[in-house]
There are 2 protein chains.
Amino acid sequence: MDRMNKFQDTRSVFFIADFAKSKGNYIVDADGNTLLDVFAQIASIPLGYNSPAFLELTNKPAFQTALANRAALGVNPTEDWVDSVQNAFMKVAPKGMSNVFTVMCGSCANENAFKTAFMYQAAKRRGDKDFSLDELHSCMKNQAPGSPDMSILSFGQGFHGRLFGSLAATSSKALHKIDIPAFDWPRAPFPALKYPLDQNKEHNRAIEKASIEAVDLLLQNKTRPVAAVIVEPIQSEGGDNHASPEYFRNLQAVCKAHDVLFIVDEVQTGVGASGTFWAHEAWNLPTAPDMVTFSKKFQAAGFYLHPRLRPSQPYRLYNTWMGDPVRAMQAVAIVNEIENKDLLSNVKQVGDYLQKKLKSMADRKLLSDVRGQGALIAFDLETPAKRDKFLIDMRQRGVNIGGCGERTVRLRPMLTFQPHHADILLDTMEATLTS
Amino acid sequence: MDRMNKFQDTRSVFFIADFAKSKGNYIVDADGNTLLDVFAQIASIPLGYNSPAFLELTNKPAFQTALANRAALGVNPTEDWVDSVQNAFMKVAPKGMSNVFTVMCGSCANENAFKTAFMYQAAKRRGDKDFSLDELHSCMKNQAPGSPDMSILSFGQGFHGRLFGSLAATSSKALHKIDIPAFDWPRAPFPALKYPLDQNKEHNRAIEKASIEAVDLLLQNKTRPVAAVIVEPIQSEGGDNHASPEYFRNLQAVCKAHDVLFIVDEVQTGVGASGTFWAHEAWNLPTAPDMVTFSKKFQAAGFYLHPRLRPSQPYRLYNTWMGDPVRAMQAVAIVNEIENKDLLSNVKQVGDYLQKKLKSMADRKLLSDVRGQGALIAFDLETPAKRDKFLIDMRQRGVNIGGCGERTVRLRPMLTFQPHHADILLDTMEATLTS
């Protein structure tokens with residue numbers, strides 16, 4: 001493992017930003033340089049810098065009230081909060097999902113989804129019985145049966161966060177995990193598709209099948225039962241790894257066969273960047289996932305869940321703030337803008353355009369392995385060193401762009417990214433890669 | 001374990017709030033009822049509802065810019081962020097602590113402090129050597145030596161959060177923990193002081209000594225070494241349990257003797273409510289704690305750390321947002337208000353007044369076990385049922401008040417709580433307890 005791989009993370013190039021001067025798809029740095037931004041604060045700016053929709057909010061009394069009075073939503077929610085939940089999260093709820101639980105960040109969203117899965121599996125095993133005294137006492141000592149030895153199954157190269165539960169499900173980079181105690185939770189291999197897809201059909205079908213078989217085998221473990229499987233629609237930190245819709249349908253089916261919950265982590269892929277509001281819409285699942293987690297572009301974090309997963313007792317999923325009403329009001333504005341400006345069509349159009357142009361650069365061997373869903377697009381360069389140099393060169397030529405995995409460049413533009421922005425990006429890439 | 005204990009948490013009474021109409025120490029509910037609020041959104045409102053200091057902020061361009069452009073602070077911080085860190089967190093840093101790491105919530109603050117402790121202990125063990133290949137590979141499978149079997153020592157009845165690492169250190173209530181897999185981390189008994197203190201000196205000295213001896217014994221465990229001890233200055237969720245300054249000095253000393261880190265969890269006790277900015281200031285420690293965590297009243301969350309605890313490689317403590325610049329700007333306003341309005345003196349004064357009056361109610365057997373530090377005051381009622389009824393009765397008489405532990409009532413007023421508010425509280429208590 002070379003030094004780069006061990007000691008550097010694959011973000012965009014670090015710099016101090018001047019957000020007051022930034023606008024739309026352009027970020028301005030502290031030296032006054034303007035950069036086209038296709039990394040967008042690690043995929044978390046939805047509508048562009050200083051979007052009028054967000055700025056208008058700052059003048060609204062309800063928004064100012066929410067800012068000046070931070071609610072502990074579990075004891076004192078407000079009528080405004082109910083509005084925000086309805087007009088942001090529930091308005092765009094994945095089909096068939098009628099409940100949402102809100103928290104503060106993506107890691108917290110995943111961990112609360114994990115807790116929900118563990119409670120569901122324990123309740124199922126317990127049946128009609130009440131908690132036993134043994135369970136009630138042993139959990140206070142972190143011991144079974146009250147603290148059961150269950151697990152979450154995730155995938156190699158997956159990234160689900162950096163807190164203790166989410167980090168145990170993460171395997172993006174050794175540097176994220178080393179020296180931190182971890183639950184002994186299992187990993188399945190994520191299919192490593194070969195590109196171009198139309199020239200590698202047989203290989204890709206075979207490795208997707210092998211991955212599903214590996215999951216099936218791991219779900220048969222009875223000593224440390226799996227409560228849920230968590231998967232990203234596109235493994236982002238891990239290198240923008242995609243799989244086919246059929247793969248994800250099979251993954252859901254194998255989960256269902258074992259009554260193991262199926263959690264889709266849309267922290268990075270959700271909120272329109274895939275060309276649909278949720279990236280997993282492209283899979284045409286026969287029924288909704290059991291849980292879908294979100295954060296980043298939505299400004300607010302949380303997860304959707306099937307009503308049968310609601311714990312039967314209150315205060316089991318709980319914390320002081322339980323989300324942020326201010327960010328939820330921004331989420332309402334995001335949903336409205338996406339609808340009013342038809343930003344999903346925009347993403348599809350610019351995504352198709354970008355993918356087509358990048359594939360022609362791949363034909364000319366300037367880059368390889370172009371893959372994408374909407375504007376969640378990536379390609380590879382020859383070596384980690386060449387990729388890292390490319391990020392720095394692009395920065396110097398006026399484009400802020402990020403990496404992931406070993407030698408991948410990932411595009412994470414905002415939903416307002418237009419074809420004319422794409423042309424600037426492509427021209428700068430052309431100049432950088434041919435210089 | 002009775003039903004109440006199993007299925008109810010000891011918060012204040014749930015209701016929908018109307019923050020637009022709330023002001024200062026008074027909260028208005030959705031039916032238009034005005035309540036004196038001594039619970040303050042689970043101890044997380046610093047300056048009163050609709051404080052002018054917070055409302056003024058909403059009109060400031062820098063604040064609006066921060067709201068409209070959420071930074072990923074690890075890649076693109078702003079000059080404003082540097083200002084906020086200096087004028088909020090560092091301005092009130094516990095003596096001897098020169099570094100701070102910011103996150104989104106109290107649980108995340110504690111978990112990142114835990115990660116820091118694990119990295120420190122691993123680095124110490126490793127010495128000058130680089131990560132081994134075995135460590136780098138094994139951690140990707142959640143296995144030792146890369147994922148080491150180290151632990152955090154916490155105390156019975158302690159509360160440090162509800163995510164997987166923080167929950168393993170929590171032992172407030174079975175309902176918080178049951179069915180959730182937990183790290184097998186150890187617990188020491190927290191001294192259960194008897195009141196009044198001046199009549200129970202010998203007993204209290206003995207149980208504090210026994211607690212320290214138990215910690216000392218647990219720190220000798222070599223199979224699952226303890227990386228850090230975490231303790232609350234006042235165990236809040238667990239029943240407002242106090243210990244003497246001498247106890248905490250001895251606790252720090254025993255940690256030092258084993259080179260185990262000493263983490264003070266000031267999520268609930270910090271930011272002035274104890275009469276000093278940090279509750280642990282009252283201990284007169286010979287040197288600063290290794291880490292101090294915060295959230296709640298500061299609106300922004302994070303932890304202070306000694307510079308020697310900074311990981312030697314970047315990106316090991318990291319996440320997308322790494323805190324919230326908007327909340328950090330509010331933290332600056334809080335620090336300024338505390339200073340300009342001398343709110344610490346106010347807290348001391350009203351705290352002394354309240355404690356004196358409550359002790360006289362204890363003399364009349366209306367309540368018992370009055371204890372407090374500044375305005376972080378608690379007392380017990382005879383039974384859990386009587387305590388729960390008291391919270392509801394007080395709510396009906398116009399005071400929003402919360403519980404904790406088995407039969408404890410905890411006061412968590414805002415920093416702007418005045419003697420005339422205290423009189424309303426006391427009169428309402430008197431009427432409730434004698435009716």
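## Two domains in chain A

Within chain A, domain 1 and domain 2 bury about 2800 Å² between them, with carbon and sulfur atoms giving 55% of that area; buried area is the accessible area (1.4 Å probe) that two parts lose on being put together, summed over both. Leu344(A), Gln373(A) and Leu376(A) supply 22% of what domain 1 of chain A buries against domain 2 of chain A, more than any other three residues. Domain 1 of chain A covers 3-53 + 343-434 and domain 2 covers 70-339, with bounds that come from an automatic or database domain assignment. Their C-alpha centres are 27 Å apart in chain A.

Before going on, a word on the model: it is predicted, local features need pLDDT of at least 70, side-chain atom pairs count only at pLDDT 80 or more, and totals for chains, interfaces and linings use all residues. Residues are numbered from 1 along each chain as its sequence is written, chains are lettered from A and ligands numbered from 1 in the order in which they are written, and side-chain values use heavy atoms, with hydrogens and water left out.

## What joins the domains

In chain A, 35 residues of domain 1 are in contact (heavy atoms within 4.5 Å) with 30 residues of domain 2. There are 2 salt bridges between domain 1 and domain 2 of chain A, where a salt bridge is a side-chain nitrogen of Lys or Arg within 4 Å of a carboxyl oxygen of Asp or Glu. Arg410(A) and Glu237(A) form a salt bridge, their closest N and O atoms being 3.1 Å apart.

## Where the two chains meet

How much area do chain B and chain A bury between them? The value is about 9600 Å², 61% of it on carbon and sulfur atoms. Asn142(B), Phe164(B) and Asp179(B) supply 8% of the area that chain B buries against chain A, more than any other three residues. In terms of contact, 104 residues of chain B touch 104 residues of chain A.

Across the interface of chain B and chain A there are 6 salt bridges. The side chains of Arg327(B) and Asp324(A) meet in a salt bridge at 2.9 Å, N to O. On the side of chain B that touches chain A, helix α6 (residues 106-126) of chain B gives the most, with 9 residues; helices (H or I, at least four residues) and strands (E, at least two) are DSSP runs, numbered from the N terminus.

## A two-fold pair

## Backbone details

Most residues other than glycine have a negative phi, and most peptide bonds are trans. The peptide bond from Ala144(B) to Pro145(B) is cis, with omega near 5°, and Pro145(B) is in the loop between α7 (133-139) and β4 (151-155) of chain B. Another cis peptide bond joins Tyr195(B) and Pro196(B), with omega about -5°. Tyr315(A) is not a glycine, yet has a positive phi of about 70°.
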